[in-house]
Amino acid sequence: MENQRAVADPQPEKPKACSLVDHLIDEIGKYCSWLNIVLIVVIMAQVILRYAFGRGVVILEELQFHLYGVMLIIALSYTLVHDGHIRLDLFYTRFSRRTKEKVQIFGTICLLLPMVVILFLHGLDFFQASWNIGERSEAPMGLCCRWALKAFIPFGIFLLGLAAVSSLVSGFSFLRKDPDRKE
C-alpha cells in the first residue's frame, strides 16, 4: 500500500535530517508499541485476580494507567510523522499538494509549535516537582516513582516538537523545490 501511494503521489526526497528524525521517532514508536503486550498481560492478570480469586491488586491497576499514558504521549509524535493526525479532510483532500503543504506549515507554526512549547515547559515543571518530592502513589500498595511516568510528558512533547520541526522543514523544502509552483 505504501509503495502504491508513493507511485501515485511522487514526492521530492525529504531532507536527510528530516528523514533521520522521522526514523528515530518511528523506531521509538515501534518499540513503545510493544507496551501494548505488557498492558494486555497486566489487564488479564488484574481481571483473573479480581474475578477468579476475589482480589484486586492496586499496583496492577495503577500500572495500566501508567502504560496508557506512556503510549499516548509517544503516539503523538509517531502519529505526526506518519501523517495520521486529524484534519478537516473534507476540504484537505481536495487541495493540491502545494496547498496541503501550506496548510500544514500554517497549522504547525500557528497551532502546534506554540502548544508544544507550553506543554514542554509545564511538563518539565510538573516532572521536576514530582521528582523533588519523590512522588509515589497515595495507595499503600501502589506504584513508587510516579515521577518516572511524569518524565514521559516532557520527553513525549519534545519528540512531538522534533516531529513538528521535521514536518516544517520538509514542507518548506517541498515548496522551494516544487516544479509546479506558480510565482
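View 1. R146 counts as partly exposed at 22% relative accessibility, partly exposed being the range between buried, under 20% relative accessible area, and exposed, over 50% (1.4 Å probe, protein chains only). The model is predicted, so local features need pLDDT of at least 70 and side-chain atom pairs count only at pLDDT 80 or more, whereas totals for chains, interfaces and linings use all residues. Residues are numbered from 1 along each chain as its sequence is written, and side-chain values use heavy atoms, with hydrogens and water left out. The side chain of R146 meets that of E62 in a salt bridge (3.9 Å, N to O), a term that requires a side-chain nitrogen of Lys or Arg within 4 Å of a carboxyl oxygen of Asp or Glu. Because E62 lies in helix α4 and R146 in helix α7, the pair ties together parts that are 84 residues apart in sequence; helices here are DSSP runs (H or I, at least four residues), numbered from the N terminus.

**View 2. The salt bridge between K150 and E135.** The side chains of these two residues, K150 and E135, meet at 2.6 Å, N to O. K150 belongs to helix α7 and E135 to the loop between α6 and α7; K150 is buried at 11%, and E135 is also buried, at 18% relative accessibility.

**View 3. The kink in helix α6.** Helix α6 (residues 97–132) has a kink of about 40 degrees centred on T108, the bend at a residue being the angle between axes fitted to the seven residues ending there and the seven starting there. T108 is among the buried residues of α6, which also include L112 and V116.

Methods
Helices (H or I, at least four residues) and strands (E, at least two) are DSSP runs, numbered from the N terminus.
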